[in-house]
Amino acid sequence: MIPDPPTSGGQLPGRPSNWGGAASRAGKKELAGRGVGTAMAAPEPLSPAGGAVEEGPEEDEDEAEAEDPERPVGAIGARSSGGGGGSSGAGAGASGGTGGALTRRAVTLRVLLKDAQLEPGAGVLSIYYLGKKFMGDLQPDGRIVWQETGQVFNSPSAWATHCKKLVNPAKKSGCGWASVKYKGQKLDKYKAAWLRRHQLHVPAAATDESPASEGEEEELLIEEEEEEVLAGVSADDKSRRLPVKGSSEPVNPESTSPGKRVENKIRVPVRYCMLGSRDSARNPHTLVEVTSFAAINKFQPFNVAISSNVLFLLDFHSHLTRSEVVGYLGGRWDINSQMLTVLRAFPCRSRLGDVDTAATMEEEIYQSLLLRGLSLVGWYHSHPHSPALPSLQDIDTQMDYQLRLQGSSNGFQPCLALLCSPYYSGNLGPESKISPFWVMPPPEQRPSDYGIPMDVEMAYVQDSFLTNDILHEMMLLVEFYKGAPDLVRFQEPWNQEHTYLDKLKISLASRMPKDQGLCHVLEQVYSILKQGN
């Protein structure tokens, strides 16, 4: 849910829904509505590891279903199993025959429906292929109705092949049972579960084979390569990947060894020109490369000067946890010189779902802005293990914030976004990557397209000294994350040469003020971090 705009009283905009990981995203502002979006858990796999039997060519399966959709399931089972005593029951019909010679082709959607493995319904089937999503209704007789056109298909493979050919005319087969999902889970999982339940006389080794035939596996590998080409994945990117499944952030922070280098699945950025029209099926966490103003023959519409203390504090904040963090930026906008000066970072010390703490935190930040005579000029957040590039959701959030900070004023007022990537393996050395961006609205002839994320040039202003309120804020952050399962263990090694604490010190060194007389205070902070785990 996108938060409501700031009221005339000057309250801060509510936080965007994509901020933070499972344990550290800031909650929505109370004035923006008390609803907090939560990700639904993925369904439990229906098949244990290795549980599936060999499947014959899906073309045969399609032919079997297409010849006579009304033929009793037992007849299909008898023919597919090489004959011999077909039975009228779903289980007996599919597993009947001497020696129970059962093949996966005997199991159709009709079989799974009859045995209550699946239930008919609208929009329960889906295919995602090369950035396109297709939705289908499952009929009580096992047929599939494609929602977009109303076409009827007799099998998952027939539907998958048809849809994929619309996207890629060179596609020869659909790998239907491995491509079509029922309520978010692949159909071949349901098929494998049914087979294990009914195939009682088949040696256990038979159920350990791959759920896909050799032809299917080849097709699926080709599809993976097609997706990588679409996303612009290079050979180097693929060589850096680890066989880790799941989201970019650990669902349970305790499931990984805290302090160890967390290597999440790399989120490969795409170019803006590859996005095309807005597509609800596209992953909102897809990263997008920023575009320079020079590349489109335009001038940056405003100048930016940023204080070293701002970068120092947000870099420190981003290093503390393996989850995303978020905060606001305070500063001043001079309409005459078109200069945006960013003078202060305000970290948010609140957790996902803690609406009351989030509201209290925002009120505290608002009062701090008033006390210092500053205006809200932007926001920051981190991508702990991913590039410092905006996601599609970040782009939409930034576009929304730009419009809201503009308010009812006819004059232009910019809103700056900063992204910090402390632990991305692609960074050059221990120093965090901090990237500013601003979003240019899409072309007028395509108003529904995504905004264009633009790289912003900033002038770096080294502060004279670290202020007491910066040091105080650092101590508050240390106390807030103390004992949290996603807290980085700074005494443990980051690489062969440096601990996490060494990495933090090196990164912050480039953002230190001219007068480093308070280094002894920083050492006290570092000591607490080292012992605080």
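Student: What makes a residue a contact of S308, and which residues qualify?
Tutor: Contact means heavy atoms within 4.5 Å. Leaving aside neighbours within four places in sequence, S308 meets that test with Y460, V461, Q462, D463, R511 and M512. The model is predicted, with local features needing pLDDT of at least 70 and side-chain atom pairs counting only at pLDDT 80 or more, while totals for chains, interfaces and linings use all residues. Residues are numbered from 1 along each chain as its sequence is written, and side-chain values use heavy atoms, with hydrogens and water left out.

Student: Is S308 buried or exposed, and how do you know?
Tutor: Buried means under 20% relative accessible area, exposed over 50%, and partly exposed in between (1.4 Å probe, protein chains only). S308 has a relative accessible area of 0%, so it counts as buried. S308 lies in helix α10.

Student: Why is N297 called exposed?
Tutor: N297 has 72% relative accessibility, which is why it falls in the exposed class. N297 is placed in the loop between α9 (235-240) and β7 (303-307). Its phi is positive, about 60°, although N297 is not a glycine.

Student: And what class does A116 fall in?
Tutor: At a relative accessible area of 61%, A116 is exposed. A116 also has a positive phi, of about 65°, without being a glycine. It is found in the loop between α4 (109-114) and β1 (121-129).

Student: What makes a stretch a helix or a strand, and how many of each does the chain have?
Tutor: Helices (H or I, at least four residues) and strands (E, at least two) are DSSP runs, numbered from the N terminus. By that count the chain has 15 helices and 14 strands.

Student: How do you know what span to expect of helix α12?
Tutor: The expected span is 1.5 Å times one less than the number of residues. For the 15 residues of α12 (392-406) that gives 21 Å, and the end C-alpha atoms are 21 Å apart, so the two agree. Of these 15 residues, 13 are buried.

Student: How does helix α13 compare with its expected span?
Tutor: α13 (468-481) has 14 residues and reaches 20 Å from its first C-alpha to its last, close to the 20 Å expected. Just after α13, G483 takes a positive phi of about 80°.

Student: What makes a group of residues a nonpolar core, and which members of the largest one touch the most others?
Tutor: A nonpolar core is a set of buried Ala, Val, Leu, Ile, Met, Phe, Trp, Tyr and Cys residues joined through side-chain atoms within 4.5 Å. The largest has 75 residues, and F316, M474 and F490 touch the most other members. Apart from it lies another core of 25 residues, among them L109, L113, V124 and I144. M474 touches F312, L313, F316, L522 and V525, not counting residues up to four places away in sequence.

Student: Why is strand β12 called largely enclosed?
Tutor: In β12 (433-440), 7 of the 8 residues are buried, so the rest of the structure largely encloses this strand.

Student: How do you know which strands pair with β12?
Tutor: Two strands pair if DSSP finds at least two bridges between them. β11 (416-421) and β12 share 5 bridges and run antiparallel, with L419 opposite S435. β13 (452-455) also pairs with β12 in the antiparallel sense, over 4 bridges, and M440 stands opposite I452 there.

Student: What is the order of the strands in the open sheet?
Tutor: Its 6 strands run β4-β3-β2-β1-β5-β6, with antiparallel pairing. β4 (152-153) and β6 (185-186) are the edge strands, since each pairs on one side only. β5 (181-182) and β6 are joined by 2 bridges, and Y182 stands opposite Q185.
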